[in-house]
Each structure stands twice: as C-alpha cells, then as structure tokens.
Amino acid sequence: MTARTLDGQALAKAMQEEIRPEVAAFTAQHGRPPGLGIVLVGDNPASEVYVRNKLKAGAEIGFRADLERLPASATVSDTIALVERLNRSDLHDGILVQSPLPKAMGAGAEQRVFDVIAAEKDVDGLTPVNVGRLVQKRAILVACTPSGIIELLDREKIPIAGRHAVVIGRSDIVGKPMALLLLHRDATVTVCHSRTPDLADICRQADILVAAVGKPGLVTNDFIKPGAAVVDVGMNTVTDAAVATSLFGEGHPRLALFRLKGSVLVGDVHPEVADVAGALTPVPGGVGPLTITMLMRNTLRAAKARAGQPVG
Ligand code: NAP
C-alpha cells in the first residue's frame, strides 16, 4: 500500500483564499486590518524563520502583522510589559509570544508570560481561560496546530467519530489540545508520552495516529494499523549523515538533498510508514503550513469577536 498524501500546503493555500475576502471586508468595515503582534525575544535561528514565515503569510493575506523584538538579555518583566502594551493596543487583535523564550529567563518563564496575554487576543490558545474553554468545548481560540489537523482530517473526509485516535505527545501546545479536539469529535482517544510502555502496540490500534514528539523517524511500520491515517507533527532538523541515511536509504532524493545542504527537515514518522498507512501528512508540506494559516484564522476570529461580530 502507498499512503495517500494529505497535502497541508494545498489546504493552507485554499484556506488563505477563503480568509482573504473576510480580511478585506473587516478592513473596509473597521477602517483597519485585523492586527497580529508577534513577540520575539532573543535570536534563536529556528524562531527567526518561524516568525518570518508568520509575518509574510499575514502580510500576504492583508493582516497587519508587527514584529516586537526584545534582546536575549530581556527579563520576564520586560516581556510581560511588552505583552501588556499589546493587550492595550487597539490595533492588535492577536498576540503571539514565540516559543521558546531564552533559557536564561528561567523555568516557568513562558507560563508567566503566556498567563498575561489577554484571553480575547490569545491566538495560540494557551491562556488558562482558553484552555478551560477548550475543555468545556466552547473555545473561540484553540491552539493552531491541532485545529489545523482537525480541518485537514475533515476536508480529506477522514472520519473521526467512533474511531480510535492515538496521540503521541502531551504538550500544552499540541498533544493535549489535539486529544481534546479529537474527543470533542467523538473519537476514542489514547494519549501516549515518554513513559508509555508498549508504545508501538498501542499505536497499532489507532485508526488515526498523531505523532507530536520531536524524535526523527520514531514512528515505524510496526506502529501502524494497515490503512490508518497518520499525521506527522514533528519538525526535526537532522544533521547526522547516519540518521539521514537510516531514514531515507541510498538513492533517495532527500538523502541527495541532505548531502548537498548538510541538513534535512524530517518528521517523527519514518518514511517507510507510507507503505502501510492509508493516508499520511508529508514533512515538509503537511501540518506546518496549516499551523500558520490557522494562526491567521484565529487572528481574524479574535478581531471579529473583539468587534462584536459573529466569528463563524
Ligand atoms: P514537546 O513539548 O517537547 O513534547 C514532546 C512530547 O513527546 C512529550 O509529551 C514527551 O513526553 C513525548 N515524548 C518524547 N519522547 C518520547 C518517546 N520516545 N515516546 C513517546 N513519547 C515521547 O514538543 P511539542 O512542542 O509538542 O512538539 C512536538 C514536535 O512537533 C516537535 O518536533 C516540534 O518541532 C513539532 N511541532 C510542529 C509544529 C508544526 O507546525 N508542524 C507545531 C508545533 C510543534 P513527556 O511529556 O513524558 O516528556
């Protein structure tokens, strides 16, 4: 079997075209575009790339997207002061604090900063209020990656209700909200993590398997029920030639690319899984582009809600 590709890139483009006229209508009605403020602290190279992609996508669809930078030496108080300024801003409907914050800020810094974001501007769905609303199935702003995955499953007509969904990973940003969204859609949900014994056996029961771990190629053929839908959230930059070779094998074009560039972006799902799964998201081009598009949709939803309009 060769798995059907679940093309997140194509869906992201289609959704951007759906959002674009709504952004234009909001702008015409309110005399300003929906606005997103992105807080970037320090100079983490991966964060620089993510933020650049978010700013570019926002500008292309017609949003106001502002980058608010702080140096790596900034304190938690500096960052909170910046978030509070964005909370007060009439021009910004959404606030995103790019994770990770510099390690020097200390343990718990992210939670302290996220907690300050006004719930109605929390486009990453990370504040206690929005997480609580998600648990109660009445959230307006839900974490972008899991809500993008639900959108992808729906539009690809992959049934969720009554199916067994297994989520590997229990982070606040992906695993936990993913599990809740699947539960709200009437899946039977199992959440696995680093202390789960017999991981492959549990995953092999899944009709829908979501891998959000951060370990290149962890999910191999023996994790997969034949025909299952597999969603690969992992984004891992591999720089080790032995790992790249074990993932792709000699003669694979992506191994040739690795040898050219010295690195390759891979997911948590081993490429061999395409032989067993029924459907699979590629990396790159699967979940990543959807996450950015959902950020834009959340910003539009936040703008409409703040303006007293129905969010749809
Ligand atoms: P995270 O906070 O590091 O969480 C990783 C989770 O995986 C944890 O729950 C951890 O368990 C679990 N885990 C680690 N090793 C495991 C193992 N050997 N077996 C089973 N579970 C294991 O990561 P995250 O923020 O959720 O991100 C996960 C991956 O998705 C990363 O590669 C990240 O870059 C990627 N990501 C992609 C997007 C996108 O747009 N495509 C968005 C967000 C994240 P414990 O809880 O027990 O430690």
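The side chain of threonine 145 makes a polar contact with the side chain of threonine 291, at 3.0 Å (a pair of N or O atoms within 3.5 Å, one able to donate a hydrogen and the other to accept it; residues adjacent in sequence count only if both atoms are side-chain atoms). This is a predicted model, where local features need pLDDT of at least 70 and side-chain atom pairs pLDDT 80 or more, while totals for chains, interfaces and linings use all residues. Residues are numbered from 1 along each chain as its sequence is written, and side-chain values use heavy atoms, with hydrogens and water left out.

Threonine 145 sits in helix H6 (residues 144-155); helices are DSSP runs of H or I with at least four residues, strands are E runs of at least two, numbered from the N terminus. Threonine 145 counts as buried because its relative accessibility is 13% (buried is under 20%, exposed over 50%, partly exposed in between, with a 1.4 Å probe and protein chains only).

Now for the sheet. Three strands make an open, parallel sheet in the order S3-S2-S4; strands pair if DSSP finds at least two bridges between them. S2 (residues 35-41) and S3 pair over 7 bridges, and valine 41 has leucine 70 in S3 as its bridge partner.

| Helix | Strands | Angle |
|---|---|---|
| H2 (residues 45-61) | S2, S3 and S4 | about 170° with S2 |
| H3 (residues 76-88) | S2, S3 and S4 | about 160° to S3 |

Terms used
Contact means heavy atoms within 4.5 Å. Axes are lines fitted to C-alpha atoms, for helices over the stretch in contact, and angles run from 0 to 180 degrees between N-to-C directions.
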